[in-house]
Each structure stands twice: as structure tokens, then as C-alpha cells.
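These are notes for a colleague who is opening this structure for the first time. Please read them with the model on screen.

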Amino acid sequence: MEAGVTQAGVTQAGVTTEPTATPDVLAELAALRAQVALLSAKDEIADLVTTYARACDVGNDPVLLRPLFTDDATWHCKGFGTFTGGDGCALGLKAVAGEKIWWSLHNMISVQITLDPSGEEATGFWYLWEAATLPDEHTGEATAHWIGGTYDARFRKVDGKWRFSKIELKLNMSTPIAQGWVKKRWPDGTRKQPYFVNLKPGETYYWCKCGKSATQPFCDGSHQSGKVEPVSFSVEEGGLQAVCGCRYSKTKPLCDGSHLNLKYDWSLLGKTGPDDAA
Ligand code: FES
């Protein structure tokens with residue numbers, strides 16, 4: 001007779017009894033159920049990441065992207081800015097596609113997902129390797145690029161479906177394929193886009209506000225003939241920063257994406273504007 005299960009069968013009296021599970025079996029069953037729930041949650045979230053990549057590869061289609069975000073979601077990437085709200089994320093990404101990324105093939109690699117104890121929220125990390133067509137920063141010509149970086153994300157289950165509540169894309173390179181990342185890891189900074197520079201934490205830098213410096217985006221003293229002074233700044237977090245080249249940033253000297261001058265087409269989501277609750 002199998003351990004842990006009482007004998008199902010017919011008693012002397014002819015009564016059939018249901019097999020009863022021992023506490024060990026019940027505990028094992030509960031553990032198995034929890035494991036299955038964890039695995040299926042991870043699977044659903046991995047699917048969400050792929051669905052996001054597929055929506056991005058059809059021109060950041062906002063109709064496909066919108067359902068992937070919670071209503072209070074945020075999307076952030078240095079050099080592109082921050083989009084807030086589910087609509088804002090979908091329409092901001094759409095506007096970026098029109099402005100900056102003309103074609104793309106996203107490879108989302110080695111997705112790691114960690115569920116919160118609640119089972120209703122999770123965090124995720126994965127690598128991005130992307131082939132893309134971008135306008136050359138000087139000529140505007142369509143140019144083949146490799147884009148590489150990492151994603152950090154938060155997910156929340158809403159109405160039984162996993163959605164992104166936060167995406168942070170940390171670019172590590174955006175390089176013309178013809179030159180390669182050794183020769184040119186980042187697009188050049190210009191009056192129309194940021195300078196991607198590695199900054200040391202706590203060090204004081206002087207951002208050129210007058211635009212005359214020959215060592216953009218940093219001051220070289222050329223301002224002395226004018227009234228405009230450089231802006232001194234330091235960063236807490238060292239590493240890659242997007243320093244404003246266009247001078248329209250609302251978070252000068254760091255780029256906030258204003259250079260993209262993105263236009264949100266609310267009609268793409270069947271709305272007239274941010275306040276339209278349709
Ligand atoms: S370069 Fe991005 S806001 Fe100025």
C-alpha cells in the first residue's frame with residue numbers, strides 16, 4: 001500500500017471511502033502549486049517582453065504598445081528622456097520611432113525575472129542587442145547601427161494580466177555598423193542632440209552655455225567675450241551621462257529629451273489629448 005495515502009476501497013460494511021492526503025502530501029501539493037504559479041508568471045512576463053519587442057519592431061506601434069503598460073507606467077532612457085503614463089509611454093515611443101529610429105530589430109536576451117513575495121509585482125533585467133536604421137547625426141542619411149544596452153523593468157499584474165509599470169533602458173552603445181564601437185561608440189553630440197560622456201561622481205564639470213566652446217559640451221573659456229557664464233555641475237552616479245547639446249533641456253546640463261521635440265499624436269489611441277478618458 002502506498003505511503004501517505006489511506007486505502008481507498010470498500011469497507012467490511014461495503015462503504016467506499018475517498019483517499020485522504022496526508023499533511024506531507026498536502027504540503028508537497030501546495031509547494032508544487034506555488035512552483036507552477038511562479039513558473040507560469042515568469043513565462044507570462046517573458047512573453048510580455050517579447051510582445052514589447054515585436055511592437056517596437058513595427059515602428060513602436062502605440063496600439064500594440066499601450067496595453068503592455070500600466071496606467072501609471074514610466075519609460076526612461078538617457079538621451080531620449082522620460083515618458084509617463086501608459087498613454088505617454090506608447091505615444092512617446094511612437095514619436096521616437098518617427099524621429100530617431102527608422103527601422104529596428106530588437107533582440108531581448110537572457111531575461112531574468114524575480115517575483116515579489118506578493119506574486120502581484122515583479123522586477124526584470126535583460127540585454128538589448130538591436131540592429132537599427134538611424135539618421136546620421138550630421139547628414140541625416142539613413143545609417144545602419146548596432147544598439148546595445150540593458151533593460152531594468154518593473155511589472156505589475158492588473159486585471160489578471162502582467163504589464164510594465166516601469167522600464168529603464170540603459171544604453172551602452174549606439175554605433176554605425178560601418179565604423180564599429182571601437183572607433184565610434186556613440187553618435188557625436190551636436191546642437192541637435194546630446195553628448196554621451198562618462199562622468200566621474202563628485203567631480204566638478206563646467207557645461208558650455210554660450211555654445212562657443214571648442215571642447216563641447218564643456219567650457220573652454222570662449223565665453224569670456226560674452227555675458228553667458230558656464231554652468232558648473234557634478235553627478236552623484238558616475239558613468240554614462242547624456243549632456244545637453246541643444247540647450248533646450250529643462251534639466252540642464254543633462255539632456256531630458258527636449259532635443260527630440262516629440263509630438264504626441266493622441267488620435268493614434270483614439271483620443272484627443274491627455275485628459276481624454278476614452
Ligand atoms: S540635447 Fe537633449 S535636451 Fe538638449
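1. Contact here means heavy atoms within 4.5 Å. Angles between axes run from 0 to 180 degrees and are taken between N-to-C directions. With that in hand, helix H3 (residues 86-99) lies across S3, S4 and S6, and runs at about 40° to S3. Please keep in mind throughout that this is a predicted model.

2. On the overall layout, the domain assignment of the protein gives domain 1 (21-185) and domain 2 (195-254). The centres of domain 1 and domain 2, taken over C-alpha atoms, are 31 Å apart.

3. What is the order of the strands in the open sheet? The six strands follow the order S4-S3-S8-S7-S6-S5, with mixed pairing. Strand S4 (81-84) and strand S5 (103-115) are at the edges; each has a single partner strand, so one side of each is left without a neighbour in the sheet. From one strand to the next, the twist averages 15°.

4. Helix H1 (residues 23-56) lies across strand S3 (69-77), S5, S6, strand S7 (142-158) and strand S8 (161-176). Its direction is at about 160° to S5.

5. S5 and strand S6 (residues 121-135) run antiparallel and are joined by eleven bridges. Among the facing residues, Trp 103 has Thr 133 in S6 as its bridge partner. Ile 109 stands opposite Tyr 127 in S6, and Gln 112 stands opposite Phe 125 in S6. The hairpin of S5 and S6 has five residues between the strands, and in this hairpin Gly 119 takes a positive phi near 75°.

6. S6 also pairs with S7, in the antiparallel sense and over 15 bridges. Here Glu 121 stands opposite Arg 156 in S7. The hairpin of S6 and S7 has six residues between the strands, and Gly 140 takes a positive phi near 80° in this hairpin.

7. How many aromatic pairs are there? Counting rings of Phe, Tyr and Trp whose centres lie within 6.5 Å, the total is 16 aromatic pairs. One of them, Trp 129 with Trp 181, is edge-to-face, at 6.0 Å centre to centre and with 80° between the planes. Trp 129 lies in strand S6 and Trp 181 in helix H4 (residues 180-183), so this pair ties together parts that are 52 residues apart in sequence. Trp 129 is partly exposed, with a relative accessible area of 28%. Trp 181 is partly exposed too, at 44%.

8. Ring pairs also build a cluster. It links Tyr 52, Phe 69, Trp 126, Tyr 151, Phe 155 and Phe 164.

9. The last point concerns a serine in a loop. Ser 213 sits in the loop between strand S10 (205-207) and strand S11 (231-233). Is Ser 213 buried or exposed? Its relative accessible area is 7%, and buried means under 20%, so Ser 213 counts as buried.

10. The side chain of Ser 213 has polar atoms in reach on the backbone. A polar atom of this side chain lies 2.9 Å from the backbone nitrogen of Thr 215. The side chain of Ser 213 also reaches the backbone oxygen of Phe 218, at 2.6 Å. Leaving aside neighbours within four places in sequence, Ser 213 is in contact with Cys 208, Phe 218, Cys 219, Asp 220 and Ser 222.

Technical notes: Residues are numbered from 1 along each chain as its sequence is written. This is a predicted model: local features need pLDDT of at least 70, side-chain atom pairs count only at pLDDT 80 or more; totals for chains, interfaces and linings use all residues. Side-chain values use heavy atoms; hydrogens and water are left out. Domain bounds come from an automatic or database domain assignment. Two strands pair if DSSP finds at least two bridges between them. Helices (H or I, at least four residues) and strands (E, at least two) are DSSP runs, numbered from the N terminus. Buried means under 20% relative accessible area, exposed over 50%, partly exposed in between (1.4 Å probe, protein chains only). A polar contact is a pair of N or O atoms within 3.5 Å; within protein, one must be able to donate a hydrogen and the other to accept it, and residues adjacent in sequence count only if both atoms are side-chain atoms. Rings of Phe, Tyr and Trp (its six-membered ring) pair if their centres lie within 6.5 Å; planes under 30 degrees apart count as stacked, over 60 as edge-to-face and the rest as tilted.
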